[in-house]
Amino acid sequence: MQLTRGNGEGGALWSPDSTTVAFTASREGDSGSQIYLLPVHGGEARRLTEGLRQVGSLSEWSADGWIYFTCLADPSPGVLDTMGLIHGFNSNGDKSP
């Protein structure tokens with residue numbers, strides 16, 4: 001069964017309770033690949049991240065709800081791109097500390 005649509009969608013991770021799939025995609029209005037959450041019982045995918053230049057790959061969806069991934073962060077003065085570092089968001093959209 002196909003859960004996602006379009007080119008460039010991938011990197012799927014199942015939620016710990018198997019009710020949601022997280023995946024990366026670049027959809028209309030996105031500056032680059034972002035993380036989307038799709039309920040497996042139907043409905044539209046919800047964008048979890050916003051404004052990241054490029055999400056690389058999804059690494060893990062922990063039992064306590066955090067999704068860990070690599071990304072290319074938008075650089076600001078004195079800050080280097082962070083591709084390869086692990087970042088995190090929980091399924092509510094909260095950033096990891």
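Colleague: What does the accessible surface of the chain come to, and how much of that belongs to carbon and sulfur atoms?
Modeller: This is a predicted model. Its chain has an accessible surface of about 5800 Å². Carbon and sulfur atoms hold 50% of that.

Colleague: Which elements make up the chain?
Modeller: Seven strands and zero helices. From the N terminus on, the order reads β-β-β-β-β-β-β.

Colleague: What makes strand 2 and strand 3 a pair?
Modeller: Pairing needs at least two bridges. Strand 2 (residues 20-25) and strand 3 are joined by six. Therefore they pair. They run antiparallel. One of the links goes from Thr20 to its bridge partner Pro39 in strand 3.

Colleague: Why do strand 3 and strand 4 count as paired?
Modeller: Two bridges join strand 3 to strand 4 (residues 46-47). The cut-off is at least two, so the pair counts. These strands also run antiparallel. Tyr36 has Arg47 as its bridge partner in strand 4.

Colleague: What lies between the strands of that hairpin?
Modeller: Six residues separate strand 3 and strand 4. In this hairpin, Gly42 takes a positive phi near 115°.

Colleague: Why is strand 3 called mostly covered?
Modeller: Buried means under 20% relative accessible area. In strand 3 (residues 34-39), five of the six residues are buried, so the strand is mostly covered. For the whole chain of 97 residues, 40% count as buried.

Colleague: How many of the contacts join residues at least 24 apart?
Modeller: The share is 24%, taken among contacts between residues at least 6 apart in sequence.

Notes. Residues are numbered from 1 along each chain as its sequence is written. This is a predicted model: local features need pLDDT of at least 70, side-chain atom pairs count only at pLDDT 80 or more; totals for chains, interfaces and linings use all residues. Side-chain values use heavy atoms; hydrogens and water are left out. Buried means under 20% relative accessible area, exposed over 50%, partly exposed in between (1.4 Å probe, protein chains only). Helices (H or I, at least four residues) and strands (E, at least two) are DSSP runs, numbered from the N terminus. Contact means heavy atoms within 4.5 Å. Accessible areas come from the Shrake-Rupley method with a 1.4 Å probe; for residues, only the protein chains shown count as cover.
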